[in-house]
Amino acid sequence: MPLFRTSTDGTYSSSAHSYVWQEARKLALTPAQVASSLAARPYDLRHAAVSLWLNAGVPAPEVAKRAGHSVDVLLRVYAKCMDGQQEQINGKINEALDT
């Protein structure tokens with residue numbers, strides 16, 4: 001069942017969703033961000049959430065479960081979001097070796 005319904009209990013067209021999303025971006029983002037591809041589609045928020053969870057250190061099996069993926073698909077699609085964390089990762093490895 002669709003989340004948003006018209007006053008006559010119908011559904012909105014994809015073009016209506018797109019229009020509202022683009023208008024919301026203009027209200028929420030800076031002009032430079034609006035001109036970029038940041039959150040260009042509502043689905044991009046899902047990618048952002050999954051990337052955030054992984055970068056926050058949530059275990060991959062839990063992220064996969066919440067995202068509705070298998071761990072294999074999750075890591076194949078989102079492995080590239082794990083960037084620039086070498087120092088933090090090395091610290092975790094060293095901590096594990098010290099115990």
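1. With which residue does Asp9 form a salt bridge? The partner is Arg5, and the closest N and O atoms of the two are 3.1 Å apart; a salt bridge is here a side-chain nitrogen of Lys or Arg within 4 Å of a carboxyl oxygen of Asp or Glu. Arg5 counts as partly exposed because its relative accessibility is 28%, where buried means under 20% relative accessible area, exposed over 50%, and partly exposed in between, with a 1.4 Å probe and protein chains only.

2. On the basis of the values, this is a predicted model, in which local features need pLDDT of at least 70 and side-chain atom pairs count only at pLDDT 80 or more, while totals for chains, interfaces and linings use all residues. Residues are numbered from 1 along each chain as its sequence is written, and side-chain values use heavy atoms, with hydrogens and water left out.

3. Asp9 is placed in the segment before helix 1, helices being DSSP runs of H or I with at least four residues, numbered from the N terminus.

4. A search of the whole structure finds five salt bridges. Among them is the pair of Arg41 and Asp44, whose closest N and O atoms are 2.6 Å apart. Arg41 is partly exposed at 46% relative accessibility, whereas Asp44, with a relative accessible area of 17%, is buried.

5. Another of the salt bridges joins Asp72 to Arg76, with 2.8 Å between the closest N and O atoms. Both residues lie in helix 5 (residues 71–78), four residues apart, which is about one turn of the helix. Arg76 is exposed, its relative accessible area being 57%.

6. Ala39 has a phi near 50°, again a positive value in a residue other than glycine. Ala39 sits in the loop between helix 2 (31–35) and helix 3 (43–55), and it is buried, with a relative accessible area of 17%.

7. Leu3, Phe4 and Tyr12 make a nonpolar surface patch of about 370 Å². Patches are made of residues with over 30% relative accessible area and no salt bridge, nonpolar side chains (Val, Leu, Ile, Met, Phe, Trp, Tyr) being joined within 5 Å and like charges within 9 Å; accessible areas come from the Shrake-Rupley method with a 1.4 Å probe, and for residues only the protein chains shown count as cover. Tyr12 is found in the segment before helix 1 (14–28) and is partly exposed, with a relative accessible area of 42%.

Note on methods:
Helix = DSSP H or I, 4+ residues; strand = E, 2+ residues; numbered from the N terminus.
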